[in-house]
Each structure stands twice: as structure tokens, then as C-alpha cells.
Amino acid sequence: MGQRHRAGTGQIAAFALMALIWGLTWLPTKLGSEVVPPIFLAAARFVLAGLAYGAIALVQRVPLGMAQPGRVLVASLLINTGCYSLLFWGVARAPSGLSAIVNLALMPICIILVGALYGQERITRRRMGAIALGIGGLVLLFSGRTASPQEGTQAVLGLTAVAAATLSYAWGTVVSRPLMQAMHPSRSPSGKRAWERRASCSCPFWWRATTPPPSQTSRTGAWC
């Protein structure tokens, strides 16, 4: 009984730590995107995360072979490349708080809808009601916001990119579900996300401390 209680406490603590790391991702992303191109920042984040993951995999002797390489490639492109290119680009143009709300509010909706297309989820009346309630909340959230036309257009473009990133992530999550039964969780595209979130909390601050002001960097990589 005591061991079960300790295991449950450890799982709750791990979940709380994951939620904290996930929540802290948004502000560093916004700060970093102010001094370097957002897509380049996303790439730097994944390089740092990959090095950290590779080091820990070697220490823990996690086998790096993979099953179903085609599915792994598709899931990785959706979860990592597609999602975070759009997400970082969107956060650079929209408020980080609103970006977080849009991302987290749409995530369960997108997973349910995409999962239903793959036969992994059932759309019930209760779920449809929850989806409608969530969308209604987002509409109310944005209905009272006022901004200049230029700022409003940039924010809309940014939040649209965040919504598209959420859909890409949800699609990749559904695609990667069968991999969780065939591979070690840390080797799947979804399992690697923990290290990427840790990297996202440190990488943007490092760039902000070592990168010249925006006026000096605007000539390099402005296309991102």
C-alpha cells in the first residue's frame, strides 16, 4: 500500500513538473522570437533537445532502433517540423498568453476530431457539447479585444498559425499512437517532447543574452 501511494505521488509530481515546464515555454519563446527569426529559433531548440536526448539515451542505454520508420517520419514531420515552425512563427506575431490559450483550448478538440477520422475516438453528444462550449469560449475571449488594424491583422495571422500548429500536433499525436505499443515511449516522436520542452525554457534566454539588438539582426534570416 505504501509503495503504491509513493508511486502515485511521484506520478502527480512528474505531471505537475511537466505542466510547469510546458507553461513556461511560452514566455521564453516570445522573448527569443524578438531577437532571432522564429523558425531558426525552433530549429536551435530541437538541436539542443536532440543533444540532450542523445546524451541521456546513451547513459540509460535506451535502444535507438525504431519500428515502422514511415510512420515515425510522418509523425515527426507533423509533431516537430510542421507544428513548431507554425507555432513559433505565430507566437512571434501574437501575444504569448493568447497563443497559449488557443493552443491548449484547441488541442483536445483537434485530437478528438482527427482521432475520429482514424477510428481512434468516438464523437458523442457529450463531446460535441464540450467542443461547442470550448469554441464559444474562444469566441467570447476575442470578441472584446481592440487593437489597431495593423496589430489586429498580425495577431490574427499569428493565432491562425498557432491553430494550424495545434492541428498538426494533434494529427501527429494520433498517427504516433500505434508506435507507443511497438517502441519504447522515449523513442517515439511524442516521447521526445519532454526534452524539447526543457530546451525551450533555456534556449531563448541564451539567444536573448548573446544576440545583438533586432536592428543588427534584421538583415539576416528576415524571411523567417
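Author: In this predicted model, a helix is a DSSP run of H or I with at least four residues, numbered from the N terminus. Read along the sequence, the pattern is α-α-α-α-α-α-α-α-α-α.

Reader: How many helices and how many strands does the protein have?

Author: The count is 10 helices and zero strands.

Reader: What makes a residue of the protein buried?

Author: Its relative accessible area must be under 20%. By that cut-off, 37% of the 224 residues are buried.

Reader: Why is helix α2 called largely enclosed?

Author: Seven of the eight residues in α2 (residues 26-33) are buried, so the rest of the structure largely encloses this helix. Among them are Trp-26, Pro-28 and Leu-31. Lys-30 is also on the buried list.

Reader: Why is Leu-20 called partly exposed?

Author: Leu-20 has 49% relative accessibility, so it counts as partly exposed. Leu-20 lies in helix α1 (residues 2-24). With Leu-17 and Leu-24, Leu-20 makes a nonpolar surface patch of about 280 Å².

Reader: How do you know that the span of α4 is close to the expected one?

Author: Compare two values. Helix α4 (residues 69-91) has 23 residues, and 33 Å is expected at 1.5 Å a residue. From first C-alpha to last, α4 reaches 31 Å, which is close.

Reader: Where is the kink in α4 centred?

Author: On Leu-77, with an angle of about 35°.

Reader: Which residues touch the most other members of the largest nonpolar core?

Author: Tyr-84, Leu-87, Phe-88, Leu-106 and Tyr-169, out of 28 residues. Two or more residues come from each of α3 (38-60), α4, α5 (96-117), α6 (125-143) and α7 (149-176). The largest share, nine residues, is from α5. The buried residues of α4 include Tyr-84, Leu-87 and Phe-88.

Reader: What makes Arg-127 and Glu-121 a salt bridge?

Author: The cut-off is 4 Å between a side-chain nitrogen of Lys or Arg and a carboxyl oxygen of Asp or Glu. Arg-127 and Glu-121 meet at 2.8 Å, N to O, so the pair qualifies. Arg-127 is partly exposed, at 29% relative accessible area.

Reader: How many salt bridges does a search of the whole structure find?

Author: Two. The other pair here is Glu-121 and Arg-177, at 3.2 Å, N to O. Glu-121 is in the loop between α5 and α6, and Arg-177 in the loop between α7 and α8 (179-182), so the pair ties together parts 56 residues apart in sequence. Through shared partners, Glu-121, Arg-127 and Arg-177 form one network.

Key
Residues numbered from 1 in each chain as written. Predicted model: local features only at pLDDT ≥ 70, side-chain atom pairs only at ≥ 80, totals over all residues. Heavy atoms only, no water. Expected span 1.5 Å × (residues − 1). Bend = angle between axes of the 7 residues up to and from the residue. Buried < 20%, exposed > 50% of the residue type's maximum accessible area, 1.4 Å probe, protein only. Patch = residues over 30% accessible without salt bridge, like charges linked within 9 Å, V, L, I, M, F, W, Y side chains within 5 Å. Areas by Shrake-Rupley, 256 points an atom, 1.4 Å probe, with all protein chains shown as cover. Core = buried A, V, L, I, M, F, W, Y, C linked by side-chain atoms within 4.5 Å.
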